[in-house]
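Thanks for coming. I will go through a few local features, one at a time.

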Amino acid sequence: MRVGLFVTCLVDMMRPRIGFATLKLLENAGCEVAVPPNQTCCGQPGFNSGDRESGRVMARRFLADFESFDYVVAPSGSCTGMIRSHYGELFPDDTALQHRLNALSQRTFELTDFLVTVLKVERLDSSFQGTITYHDSCSGLRELNVKHQPRQLMEQVTGAQLHEMSKPELCCGFGGTFSIKLGEIATRMADNKCQDALATKADAIVGGDLGCLLNIEGRLRRLGDDTTQVLHVAEVLAGPELGQV
Amino acid sequence: MQLTSFSFKSNVRRKLIDPLLQRNMKRFGGRFVEARAAVMTEVDNLETIRVAAAAIRDRSLANLDSYLLAFEEQALARGSRVHWAETAQDVNRILIEIAQSNGVKKIVKSKSMVSEESGLNDAVEAAGIQAIETDLGEYILQLAHEPPSHIIAPAIHKSLEEVAALFSENHHTPRQTDIPALCREAREQLRPHFLSAEMGISGGNFLIAETGSVVIVTNEGNGRMVTTLPRIHVTITGIEKVLPTLNDFSVIVRLLTRSATGQSITNYVSMLTGPRQEGDLDGPEQSHIILVDSGRSRLLGTEMQKALRCIRCGACMNHCPVYQNIGGHAYGWVYPGPIGAILTPSYVGLKNALDLPQASTLCGACQVVCPVKIPLPELMRVLREKSFEQGLRPWHERLSIRLWRGVANRPHLYALMTQMGVRVLSLLGGKKKLLHHLPGLDGWTDGRDMPAPQGKTFRELYRKRRS
């Protein structure tokens, strides 16, 4: 099975180790993984800011980079949601292109969803020392129904214990450019999320979208918390041994 | 109602640091959310009913002209008088004409959000007529000289202590904080008004085309008195509220009350079909229905039409994490929350409410609870597209989006720029790997640190690893 890794712009720039964790998880599960070198962004920042052309430009690029793969996997519910929910409606006047994009977006998966739903991974050789609380990021949860997948996988991580927040499904306030345009509301929402997470006394706040994680970590650190770890679910599932990164 | 949507950001700033509002919003917190979730378990085919309800609303809107004319015909046949108000000003003008031609000095009102759109109370007062709100929440706000902050729980931003103080000050009674006692006090104040008012004004949750009935769905009983005791009853409601048949209403009402307050059914569901007929024991002598357009018909036939499905349950705002933190007044007009972020720019003009469609993370919590399946995030995105296309957003925002699009579509340039960028930011992050301030990104760094990038891009490291 040939899998194209869509690493996403945020992981590419901010946290390459999440990309390598994803790579390791896919390869350990027996996939032949390639990273198309010309990939950049899914187009969501522009698309959600009202620039439909951003979506169209990046959808064409995505098609060129990934159409040849059996599956495409991204360590993000948000970018996958963009591809699966919106790429198919960007070219109403070009049915052939629309059709190709629809076919490709059907083969595009969020990482934990892919591991559980497609690969049916039942054993992970990984360990984590400590307690975890899991933040359900909105696009993954509501556009892709990612809810049980990360939890099911974390159960297989030796030593990881899940302590749920009172509102794990409440938005953290990231919302892409919202987090800058309406920073004060975003900060308050991040604050609510941090308080809920801290109340679980978990050692790590874990989630499937780096945007949310940067938002949560940014608020935590500003509040003076230097100890609570904020990790992508791929990092937890792949374990601490990630090689040179 | 006075519009302040154009200053949304400063409204928000004030609300976020208002300790009383913050405390009251936290107290209110998830009460409606929990009640809704609990009561929906009674409905074993919720999704099927939602689909049916959305289809009913779509059918009503697709044939709005003929259903409205059918409604008018039936309403006239049952003795009601139907008035068409194209603008908000028309609403006030028509209402005052009815009042003055009948020598009305005092009006009792049950809840009508549509009357807030035209600032009816102020207009009526200016014409020398007294208007008294009788919905408990609206009554409280009339004493406080404040607009509603929620469409079904208008005084949700007020605490018990504030209400106690308002009552004592306005009624000249000893201060009390026992809720049933406060309700009794309001009732004692309002009863004489119900009996002496010559006109009652109500909203209308729905209009039934096949019978010419106005349906109101209420809890407090004031609606019954307002619509039956005074000589004249006037309904003020939007043209989009029409439903073809009573059967259609029976589907919708199952969702309305559950979505709104989490009740299986409200205390009162009234079908008002014309004035008192011969042999009737009660009811008004005159029944008037003012059908308000005021921007609604502009949405018909556009991608925004789905917003008109709205049955005003308030579930979208109850579940909205933005609303939960800033309250309803910050939105600056009649309708707050996600539906307000769509209706306000649509009715008062996008340039007057530019930040409202942006006031959402597009988290989708509203869409999954909307009983008539309005794609609220999608409609906000449509409004964002209009703002972008019309050049209404700040120039630096438009420029950065175009730049990002241009660079992201040139992989080599993108690689070069991101590789340089992450190196600089990583260095600036220092030992703690945190950026406390980023020029141009104050919106983020005013309240949060930015975790610094690792230092190299994934694609760079991946290429090296392969070679």
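In which loop of chain B is the place of B:Lys433? B:Lys433 lies in the loop between α20 and β11 (434-435) of chain B. Keep in mind that this is a predicted model. The phi of B:Lys433 is near 55 degrees, which is a positive value in a residue other than glycine. B:Lys433 is exposed, because its relative accessible area is 56% and the cut-off for exposed is over 50%.

A:Lys201 is not a glycine, yet it has a positive phi of about 60 degrees. You will find A:Lys201 in the loop between α11 (183-199) and β7 (204-207) of chain A. A:Lys201 is exposed, with a relative accessible area of 68%.

Back to helix α20 of chain B, residues 411-428, which holds B:Met420. B:Met420 is exposed, at 53% relative accessible area. Together with B:Leu413, B:Leu416 and B:Met417, B:Met420 forms a nonpolar patch on the surface, and the accessible area of the four is about 390 Å².

Last, a helix pair. Two packed helices are described by the angle between their axes and the distance between the axes. For α4 (52-66) and α6 (95-106) of chain A, the angle is about 65 degrees and the axes are 11 Å apart. Their crossing is left-handed. Among the residues that meet there are A:Phe62 and A:Leu63 from α4(A), and A:Leu97 and A:Leu101 from α6(A).

Conventions: Residues numbered from 1 in each chain as written. Chains lettered and ligands numbered in written order. Predicted model: local features only at pLDDT ≥ 70, side-chain atom pairs only at ≥ 80, totals over all residues. Heavy atoms only, no water. Patch = residues over 30% accessible without salt bridge, like charges linked within 9 Å, V, L, I, M, F, W, Y side chains within 5 Å. Areas by Shrake-Rupley, 256 points an atom, 1.4 Å probe, with all protein chains shown as cover. Salt bridge = Lys/Arg side-chain N within 4 Å of Asp/Glu carboxyl O. Helix = DSSP H or I, 4+ residues; strand = E, 2+ residues; numbered from the N terminus. Buried < 20%, exposed > 50% of the residue type's maximum accessible area, 1.4 Å probe, protein only. Axes fitted to C-alpha atoms, helices over the stretch in contact; angles between N-to-C directions. Left-handed = near helix turned anticlockwise from the far one by under 90°. Contact = heavy atoms within 4.5 Å.
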